[in-house]
Amino acid sequence: MPTPRDIDHIVVMTRDLAAAQAAWSACGFTCTPRAVHPFGTANSLIQLQGNFVELLEIDDASRIEEAAGDRFSFAGHNRDFLAQRGEGMSMLVLASGDRDADLADWRTQGLRVYEPFDFERQAKQPDGSSQRVAFSLAFASEPSLPGLGFFTCQQHTPEVFWKPDYQVHANGAQRIASVQVTGPDPEAADTFLRAFSGGRRTTHIALDRDALTLEEGAPAFPEITIRVADLDAAAAHLPAARREADTLVVPAERLTGVSVRFMR
């Protein structure tokens, strides 16, 4: 069987990118400089060990291309998410080694898929220079999880994208280990998420290194789990965190609408 697709990144939609950067920085994360997409959005990344958090805002609404037919609009989805739900995690993105193979796989499993999408942008490097980064995306959706976005991302310039200077965090953050998904029809959501990810069903959906957890509720991505090198050391940078057994939880109101659980 093919290897399950691991978490590539999550998209966290915000009204104010600078304020979001300040909030995550205050919890010990290193944020990359603001970068602009060619389709109306701007972002800042929190690069971890092999996956990342994307903080996203609308930069220029006039540049947003609307969804139509089989064309998915990344910017339009996130604009609508913010208008309808406010700040929070709007999309789950899995890593891809072959975007076109992902689409073919999903079609055989009956998923709702969209036209492939390719783009590039300039990424500011730690030394202040800018270099081109390029990506190929494949989008899918599930009727029982309305308003939530799902896609895979194939990187074409990983040697430019990943930078050790950006992957060092005062709180010792290492990797997004899991993402929680809630939906009103857990059986339909489970079927979709296993097909989307290629994951194995155990007490959760096991990927290669990471996991997806599923609970009944309104469609949402309410919480992510991030592994840290040392929980006690991380606590010094997480003054808003509460202890829950062997984890620390920072509530959603402190981190742009996303509850973040830290664990060793």
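The questions below concern backbone angles, aromatic pairs and cavities.

Modeller: This is a predicted model, in which local features need pLDDT of at least 70 and side-chain atom pairs count only at pLDDT 80 or more, while totals for chains, interfaces and linings use all residues. Residues are numbered from 1 along each chain as its sequence is written, and side-chain values use heavy atoms, with hydrogens and water left out.

Biologist: Is A245, which has a positive phi although it is not a glycine, buried or exposed?

Modeller: The phi of A245 is about 55°. Buried means under 20% relative accessible area, exposed over 50%, and partly exposed in between (1.4 Å probe, protein chains only). With a relative accessible area of 75%, A245 is exposed.

Biologist: T256 also has a positive phi and is not a glycine; is T256 buried or exposed?

Modeller: The phi of T256 is about 55°. Its relative accessibility is 7%, so T256 counts as buried.

Biologist: Which parts does the aromatic pair of F39 and F74 tie together?

Modeller: Rings of Phe, Tyr and Trp (its six-membered ring) pair if their centres lie within 6.5 Å; planes under 30 degrees apart count as stacked, over 60 as edge-to-face and the rest as tilted. A search of the whole structure finds 20 aromatic pairs. F39 and F74 form an edge-to-face pair, 5.7 Å from centre to centre with 75° between the planes. Helices (H or I, at least four residues) and strands (E, at least two) are DSSP runs numbered from the N terminus, and the parts tied together are the loop between strand 2 (35-36) and strand 3 (41-47), which holds F39, and helix 2 (residues 74-85), which holds F74.

Biologist: What is the volume of the largest cavity?

Modeller: On a 1 Å grid over the protein atoms alone, a cavity is a set of points where a 1.4 Å probe fits but cannot get out, and lining residues have an atom within 4 Å of a point. Grid points are joined across faces, edges and corners, and a volume is the space filled by probe spheres set on the points. The search finds two cavities of 30 Å³ or more. For the largest, the volume is about 150 Å³.

Biologist: Which residues lie nearest the centre of the largest cavity?

Modeller: The lining has 15 residues. Nearest the centre lie H9, H37, E54, F119 and F135.

Note on methods:
On a 1 Å grid over the protein atoms alone, a cavity is a set of points where a 1.4 Å probe fits but cannot get out, and a pocket is an open set with protein on both sides within 12 Å along at least five of seven lines; lining residues have an atom within 4 Å of a point.
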